[in-house]
Amino acid sequence: MLLVADIGGTHARFALAETQRGQVRALQHVHKLSVRDHRTVHAALTAYRQMIDQPLPRDASLAVAGPVGGETIEFTNSPWRFKPGDLANAFAFKRYTLINDFGAIGHAIAQLSPDRLAHVCGPDTGLPNTGNISILGPGTGCGVAQLLRTEDTYHVIETEGSHLHFGPVDAVDDDILGDLRKSHARVSAERVVSGVGLQTVYRVLAQRAGVTPEHVDDVTLWQRALAGEDEHAVAALKRFCLCLGALAGDLALAHGAQAVVIAGGLGLRIGAGLSDPEFTQRFTEKGRYQSMLEAIPVYRLLEEEPGLLGAAAAFLQRFGGP
């Protein structure tokens with residue numbers, strides 16, 4: 001058994017991965033803990049150990065929402081931070097690996113069967129057996145990674161690609177950028193295409209319509225948008241998906257991708273929005289390279305726990321198995 005974790009800005013997921021002959025067979029004792037309910041990673045992991053009421057495995061693989069490297073891991077959208085060596089000593093890990101959370105999703109996609117993907121746009125030819133695949137998706141933040149497949153193996157390239165500049169496409173996008181510039185000297189794409197980004201889009205669209213935006217928290221706003229209960233929230237979600245399409249196309253060009261996969265916690269929930277023809281238009285409208293983008297297949301990841309599966313796969317790729 002292998003302890004696996006997928007730790008984001010809002011939730012920390014833990015599980016025990018059953019592995020055999022270098023393959024992930026099953027996930028057991030899957031639990032999702034709220035980050036705000038636990039002061040540290042140590043506290044959350046201790047709580048998980050109490051939940052399953054058994055000793056933790058000596059091998060562990062942690063996917064974390066932030067850059068991996070150095071003596072201290074700091075999360076991009078969470079106050080949590082920890083030193084990997086201290087964590088390993090505290091829980092007696094014999095072997096462990098750390099990976100970016102979207103790097104973990106890259107490992108998961110390399111292992112998953114085609115039926116765990118839903119076609120969004122472009123030719124429905126499946127993911128290429130060789131070549132580069134761009135992976136991105138909104139959640140608390142917005143993750144970006146690359147999956148490079150070769151004839152006999154694969155490589156996952158972890159990136160922070162969502163922190164490139166937000167690129168407006170029309171006047172509405174200009175207003176979104178202007179609104180964010182009031183509080184941020186530099187506006188990254190993640191400021192728009194992430195869980196908190198919907199709030200900004202909602203506010204700007206309401207103001208453009210001459211309506212005073214209602215003050216609701218992010219969770220309520222997303223619930224209203226997905227349920228179709230508020231016309232301005234629905235419009236904000238539509239615009240959110242357009243901005244996601246534009247970012248996906250930009251990253252495909254930057255990565256030289258042969259395919260794109262939309263993942264992330266919110267990516268799993270906004271499936272209908274990605275089917276909008278305007279999402280495809282934003283993805284492909286890249287001037288002289290439009291025909292290139294039109295030839296790239298785009299899929300949506302359907303797997304519920306890709307981070308946990310990917311964390312296990314990353315460990316197995318590195319160590320060969322517990």
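Tutor: A residue counts as exposed over 50% relative accessible area, as buried under 20%, and as partly exposed in between. Keep in mind that this is a predicted model.

Student: Where does Asn-129 sit, and is Asn-129 buried or exposed?

Tutor: Asn-129 lies in the loop between strand E8 (117-121) and strand E9 (131-138). Its relative accessible area is 67%, so Asn-129 is exposed.

Student: Which residues does Asn-129 touch, leaving aside those up to four places away in sequence?

Tutor: Asn-129 touches Arg-149 and Thr-150. Also look at Asp-152. Asn-129 and Asp-152 are 23 residues apart in sequence, and their C-alpha atoms are 9.7 Å apart in space.

Student: Now helix packing. What describes two packed helices?

Tutor: The angle between their axes and the distance between the axes. Take helix H3 (residues 101-111) and helix H11 (residues 306-319). They pack at an angle of about 85°, and their axes are 7 Å apart. H3 and H11 are therefore roughly perpendicular to each other.

Student: Which residues make the contact between H3 and H11?

Tutor: From H3, the contact uses Ala-104, Ile-105, His-107, Ala-108 and Gln-111. From H11, it uses Pro-306, Gly-307, Leu-309, Gly-310, Ala-311, Ala-313, Ala-314 and Gln-317. By class, the H3 contact with H11 has eight nonpolar residues, five polar and no charged ones.

Student: How many salt bridges does a search of the whole structure find?

Tutor: The search finds 15 salt bridges. One of them joins the side chains of Arg-95 and Asp-59, at 3.1 Å from N to O. This pair links distant parts of the chain: Arg-95 is in strand E7 (residues 95-100), Asp-59 is in strand E4 (residues 59-64), and they are 36 residues apart.

Student: How accessible are Arg-95 and Asp-59?

Tutor: Arg-95 has 22% relative accessibility, so Arg-95 counts as partly exposed. Asp-59 has a relative accessible area of 9%, so Asp-59 is buried.

Student: What about Arg-116 and Glu-303?

Tutor: Their side chains meet in a salt bridge, 3.2 Å from N to O. This pair also links distant parts of the chain, with Arg-116 in the loop between H3 and E8, and Glu-303 in the loop between strand E13 (298-301) and H11, 187 residues apart. Arg-116 is at 27% relative accessibility and counts as partly exposed. Glu-303 is at 18% and counts as buried.

Student: Are Arg-224 and Asp-230 buried or exposed?

Tutor: Arg-224 is buried, and so is Asp-230. They form a salt bridge, with the closest N and O atoms 3.9 Å apart.

Student: Which residues are linked in a network of salt bridges?

Tutor: Asp-170, Asp-173, Arg-239 and Arg-282.

Student: Last, helix H5. How many of its residues are buried?

Tutor: Nine of the 12 are buried, so H5 is largely enclosed by the rest of the structure. Among them are Leu-198, Val-201, Tyr-202 and Leu-205. The buried residues of H5 pack against helix H4 (171-181), helix H6 (218-227) and helix H7 (231-255).

Note on methods
Residues are numbered from 1 along each chain as its sequence is written. This is a predicted model: local features need pLDDT of at least 70, side-chain atom pairs count only at pLDDT 80 or more; totals for chains, interfaces and linings use all residues. Side-chain values use heavy atoms; hydrogens and water are left out. Helices (H or I, at least four residues) and strands (E, at least two) are DSSP runs, numbered from the N terminus. Buried means under 20% relative accessible area, exposed over 50%, partly exposed in between (1.4 Å probe, protein chains only). Contact means heavy atoms within 4.5 Å. Axes are lines fitted to C-alpha atoms, for helices over the stretch in contact, and angles run from 0 to 180 degrees between N-to-C directions. Angles under 35 degrees count as roughly parallel, over 145 as roughly antiparallel, 65 to 115 as roughly perpendicular and the rest as oblique. Ala, Val, Leu, Ile, Met, Phe, Trp, Tyr, Cys and Pro count as nonpolar, Asp, Glu, Lys and Arg as charged, and the others, Gly among them, as polar. A salt bridge is a side-chain nitrogen of Lys or Arg within 4 Å of a carboxyl oxygen of Asp or Glu.
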